[in-house]
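Hi everyone, thanks for coming. Please bring the model up on your screens, and let's walk through it together.

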Amino acid sequence: MLRYTWKRLLTGILSLFVLVTVTFFLVRIIPGSPFQRGGVSEDVVETIEQEYGLNEPLMTQYISYLGNVVRGDLGISYQDPATQVSDIIARAWPITASIGITALAVSVILGTGLGILKAVSKRRWIRELISAGGMLAAGIPSFAAAILLLLVFSVKLKWLPASGLLSPVHYILPVTALAFYPSAMITRLVGNTLGGELQKDYVLFARAKGLGKGRIILTHALKNAYLPVLNCIGPASASLLTGSFVVESIFTIPGLGREFVGSITNRDYTLILGLTIFMGAVVIIVNLITDLLCAWLDPQTRRAYREERA
Amino acid sequence: MSVLDVRNLSVQYLTENGASEIVKDISFKVEKGEIAGLVGESGSGKSTAMLAVMGLLENRAQIRAERITISGEKPVPGQNAAMIFQDSLSCLNPSVKIGRQLRETVQARRKCSRKEAAARAEELLDLTGIRNPALRMRQYPFELSGGMRQRVVLAIALACEPELIIADEPTTALDALVQAQILLLFKRIVKETGTSMLLVSHDMGVTAAMCSRVYVMHSGRIVEHGTVEDIFYSPVEEYTRRLLEDARGGRLTVHRDGNTENAAGKTGNAYGNPPLLQMEHVTKIFDESEGVRDLSLEIRRGEILALVGESGSGKTTAARILTGMLREDSGILRYRGDELGQDRRMDAFGGSVQMVFQDPYASLNPCLTVREALKEALEASGQRVNGTKRCRSERQRSSSYSREKGRMAEKIDRMLRLTGLSPEDADRYPRDFSGGQRQRIGIARALIVEPEILVCDEALSSLDATTREQILELIFRIQRKIGFACLFISHDMHVVRRISDRIAVMYGGRIVETGETKKVCSDPWHPYTKQLIEAVPEPDPLRAVKIKAAPGKDGTEMVRYGCPFAGRCGYALECCGEEIPESYSFDGREVSCFLYSDRHSGRRSRDYRMTSQI
């Protein structure tokens with residue numbers, strides 16, 4: 001497994017490289033310059049571009065940028081030359097991550113709970129309700145959900161604040177909007193896989209040896225049912241951790257997503273690239289961790305790994 | 001008072017077509033400290049009745065009973081009653097360590113600390129004959145052999161400290177020697193703990209060996225009951241008689257001994273036919289514990305050759321090399337006398353070697369209809385056999401296309417009828433068929449290309465008893481009709497004895513004995529063959545009590561020096577641990593054992609007739 005991990009890390013770095021290259025050239029295709037503003041004359045723009053080295057051949061710029069990235073320097077923001085790109089990320093990511101992790105926790109808890117209920121409930125209407133609700137929740141796009149929540153709970157009912165992220169109460173709406181899809185997905189997966197596990201002989205045998213139903217589900221069946229679920233939670237958590245442009249814009253949360261949207265409209269080359277690299281790295285690392293975790297949870301691969309080391 | 005007392009138990013399922021009654025008004029008892037038996041074919045409602053007694057049936061089932069009690073009380077799973085199932089692998093949670101699965105049972109039964117429970121768990125593993133229990137506690141089910149897992153399952157049942165253990169086909173999935181060990185263990189445990197046991201089985205031999213009283217169940221009813229002697233020596237019911245007759249291996253052997261059936265067939269006695277496929281000194285080693293070593297084997301035209309041996313003895317490896325699916329490390333393969341190189345093997349065979357696999361569920365592509373699957377097989381082999389025909393011009397091909405298509409459809413119809421399916425089945429998907437029907441499809445797929453050799457790798461072992469019987473007869477009948485050679489791999493001595501002409505016994509990657517089935521089974525020469533045959537309980541209570549088990553040892557070990565069986569052999573000589581016996585042949589029988597060497601019994605005159613030395 002160690003070799004596998006190395007291989008995955010290397011391919012991860014390779015994908016990052018491809019990502020940076022493609023983004024670098026794509027961004028330059030966007031017409032206009034980062035420094036073009038209404039009142040700024042062409043001469044001034046040119047002078048500033050010269051200062052930042054933007055007049056040099058594209059290849060030279062690309063190579064010098066790559067060199068900087070390898071050294072760990074993402075450069076300064078063109079829009080706000082006083083701050084480093086890495087500082088912006090360091091400021092915005094904790095905000096995004098805090099919402100993302102909360103939403104993830106909510107989805108996992110809610111999804112698992114509802115999924116178990118769906119798998120074990122004897123009442124048909126409960127099962128149908130959960131299926132239908134899940135389908136609805138998965139079908140609503142997050143921007144629609146966000147706007148709807150905003151309209152109902154803060155504009156009409158005025159129960160919850162509409163923007164900012166000052167207190168725990170502020171978290172409720174954006175987290176709910178973000179958690180819609182993943183919790184529906186987890187509910188469906190847990191419901192199906194657990195339903196399948198409960199049909200298996202070891203569950204019957206566990207009942208024959210006198211274990212209670214709750215015990216069997218929590219300590220036996222869920223453990224086996226969770227592997228495919230975990231495989232799906234990986235990518236989902238990656239998307240939650242890199243921030244949602246839509247939800248962050250609607251609730252005016254100063255997170256990564258909003259920075260990203262801003263950087264594109266401003267043609268802030270370094271910021272776009274810096275954010276791309278960061279998000280790409282998060283996605284790759286989270287997926288790697290999920291895969292390793294899944295392999296580790298399966299006793300057969302784990303044993304094989306141990307023997308390999310021994 | 002009886003331990004288990006069931007009176008007038010009925011179970012019915014409500015389906016769309018009304019209620020269907022699976023168990024019809026049955027009553028039975030189990031006395032204290034006895035092993036009672038419940039026999040019947042699969043589908044007779046045995047398992048349903050047992051689950052109903054345990055209160056483990058799903059909610060759809062309606063249970064009616066005047067009385068179900070264990071020592072006067074309601075059965076509570078895990079308290080006064082425990083149950084053991086057939087497949088020990090699927091009964092144990094694959095991702096939970098053995099230790100925890102045992103410990104939680106102990107703790108569910110009575111309040112005790114984790115440490116006490118662990119100590120009790122180790123004690124139970126020790127009681128069920130598992131060596132080094134502390135190590136086993138830390139392992140997962142997949143790390144244990146089948147026999148060991150069944151011991152663990154028994155230990156879990158014992159952890160419930162039940163008054164009654166219901167064992168539902170507990171040894172059906174195990175090979176003969178391991179089955180004998182487990183059966184003896186059951187007997188010992190019942191004696192030592194005073195638990196009662198209800199043994200549910202389709203195997204008359206097992207029932208005869210184990211039980212004091214027997215209930216015979218047939219399509220939901222108990223048709224006969226009595227002491228084991230009554231049932232086996234003076235059965236009253238027609239159904240019981242038929243079960244016994246089947247178990248004594250009547251039918252298939254009658255046909256072949258009497259030769260009445262065979263006379264019309266293409267092959268009379270396959271014995272002495274020229275060899276079709278030969279393996280000479282083939283070795284293939286995966287790691288230290290598996291593979292085949294210096295294996296020589298020949299399959300003759302028109303014969304059924306059985307390859308038997310316990311799991312891990314190299315049967316499947318031998319078959320894979322033979323079919324060209326695996327490359328040998330060294331050795332020679334001859335087909336019709338010509339040596340076959342490794343690269344050309346598949347081409348040289350064309351469609352002439354076909355396989356039927358163990359798992360009928362996994363071996364059929366769920367996306368192909370039966371017709372497509374058969375057509376694919378036909379096309380795949382046709383391309384190789386008629387390699388030159390492919391060069392025909394386009395026009396020729398298109399003109400003969402429809403004709404060929406018609407021929408193909410006709411062939412598929414014929415093959416489906418031959419295997420007991422109907423031509424209408426051709427356009428259905430595998431999911432529409434039961435396990436036995438799927439195995440028929442597998443056989444049809446193999447036979448449609450008219451192979452010279454059919455390899456059946458444990459083709460019956462995933463089927464239940466009734467279906468097994470049907471498929472066994474099917475293979476036998478078709479083989480006698482068409483006359484292909486068949487390599488029949490199995491761990492089930494019952495089946496092998498009834499179907500094969502010759503038998504080859506494998507142990508530890510080597511062939512230890514070959515010969516005519518009838519001779520080998522009635523008079524085994526190699527000590528291992530003897531153990532194997534004696535381990536199969538006979539459907540005769542007086543003889544079956546003598547059931548013997550080999551000294552308990554978990555699995556086969558590959559021995560680098562000497563005879564692979566030396567460690568388990570009661571007849572081992574000094575030379576057995578140092579040298580590998582070569583194969584000594586006498587009058588059509590071959591045996592690899594020093595007891596038959598010149599060294600042991602001295603030089604013999606030419607007309608000396610070798611007899612069993614054990």
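**A sheet, a helix pair and a contact**

Let's start in chain B, with an open sheet of eight strands in mixed pairing, ordered E16-E17-E18-E13-E19-E20-E22-E21. At its edges stand strand E16 (353-356) and strand E21 (584-586) of chain B; each has a single partner strand, so one side of each is left without a neighbour in the sheet. On average, neighbouring strands here are turned by 20 degrees against each other, direction ignored.

Some housekeeping before we go on. This is a predicted model, where local features need pLDDT of at least 70 and side-chain atom pairs count only at pLDDT 80 or more, while totals for chains, interfaces and linings use all residues. Residues are numbered from 1 along each chain as its sequence is written, and chains are lettered from A and ligands numbered from 1 in the order in which they are written.

Now the words I'm using. Helices (H or I, at least four residues) and strands (E, at least two) are DSSP runs, numbered from the N terminus. Two strands pair if DSSP finds at least two bridges between them. Strands of a sheet pair through backbone hydrogen bonds, either parallel or antiparallel.

For an example, look at strand E17 (residues 453-457) and strand E18 (residues 485-490) of chain B, which pair in the parallel sense over five bridges. Which residue in E18(B) is the bridge partner of B:Val455? That is B:Leu487.

Next, over to chain A and two helices. The axes of H4 (residues 85-120) and H9 (residues 213-241) of chain A come within 11 Å and cross at roughly 145 degrees. Axes are lines fitted to C-alpha atoms, for helices over the stretch in contact, with angles from 0 to 180 degrees between N-to-C directions. Among the residues that meet are A:Ala97 and A:Gly100 in H4(A), and A:Ile217 and A:Ile233 in H9(A). Being in contact asks for C-beta atoms, placed from the backbone, within 7 Å. The residues of this helix contact divide into 10 nonpolar, two polar and no charged. Here Ala, Val, Leu, Ile, Met, Phe, Trp, Tyr, Cys and Pro count as nonpolar, Asp, Glu, Lys and Arg as charged, and the others, Gly among them, as polar.

Finally, how do the chains meet? Their contact takes 24 residues from chain B and 15 residues from chain A. On the chain B side, strand E6 (81-84), helix H2 (88-91) and helix H3 (98-109) each supply at least two residues. The largest share, four residues, comes from H3(B).

Terms used: Contact = placed C-beta atoms within 7 Å.
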